[in-house]
Amino acid sequence: ELPELEKVDDVCEQMEDSKFMEHCYEQFDVNGDGKVSMSEAAALDLSIDCNTAKSFKGIEYFTNLVSFKSSSVETVNFGYNKKLTSLDCSRAPVTVLDLRYNTELSNINVSQCTNLTKLLLADEAPMESVLRDTNFNLVGCTALAAVSLPDNCTVIGGNAFRECTSLVKIKMSACTEIGNNAFYQCSGLTSVTFPESLTKIGD
């Protein structure tokens, strides 16, 4: 279990990136008192769409965050954002995404994240498929070396890992179908262990 968040008067004081701080004051200071209280940060169904900040330290106080989008993010910790359902970091310079606590996350777009080396997913995450341009997009993650798919992910769609040139291994414990060109240009892939559940492999 993660430790309890420290009680603070203004969550923005926990942030180290002025661009993220500015975004949060503009979007979430509901009562206009010049600060974002913990109750304001914990409002229902929050979304963050910020393409200027690099560090998102302090995002943990937005415990009801459901959607996050940023093409500029370098570092972020979603451990406390357990209601997150949608994540779009396409083309961002982020290097590590630890999503092991995000069990409600069903949409992930990290396409063309060429610096991404590690992607950790929750086994309980409701992702039944890895499909290009839909709910789980990893196309062009050229630095990603290993992927462990959630236990309930049964379909790897066409072009799913296209151009993941550093991918060495992949775990797919419940996969039943692999689509056409799923591992196209995965030149670093050395071995794959297919589960007994697999019934179809495309071209």
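**The aromatic rings**

Modeller: F20, F56, F68 and F78 form one aromatic cluster. This is a predicted model, so local features need pLDDT of at least 70 and side-chain atom pairs pLDDT 80 or more, while totals for chains, interfaces and linings use all residues. Residues are numbered from 1 along each chain as its sequence is written, and side-chain values use heavy atoms, without hydrogens and water.

The structure has five aromatic pairs (Phe, Tyr or Trp rings, for Trp the six-membered one, with centres within 6.5 Å; planes under 30 degrees apart are stacked, over 60 edge-to-face, the rest tilted). One of them is F68 with F78. This pair is edge-to-face: 5.1 Å centre to centre, with 70° between the planes. F68 sits in strand 2 and F78 in the loop between strand 2 and strand 3 (86-88), so the pair ties together parts 10 residues apart in sequence. Strands are DSSP runs of E, at least two residues, numbered from the N terminus.

Now follow strand 2. Five strands form an open sheet, in the order 1-2-3-5-8, with parallel pairing (at least two DSSP bridges between two strands). Strand 1 (46-49) and strand 8 (136-137) are at the edges with a single partner strand each, so one side of each has no neighbour in the sheet. Four bridges join strand 1 to strand 2 (residues 65-69). There, D49 stands opposite K69 of strand 2.
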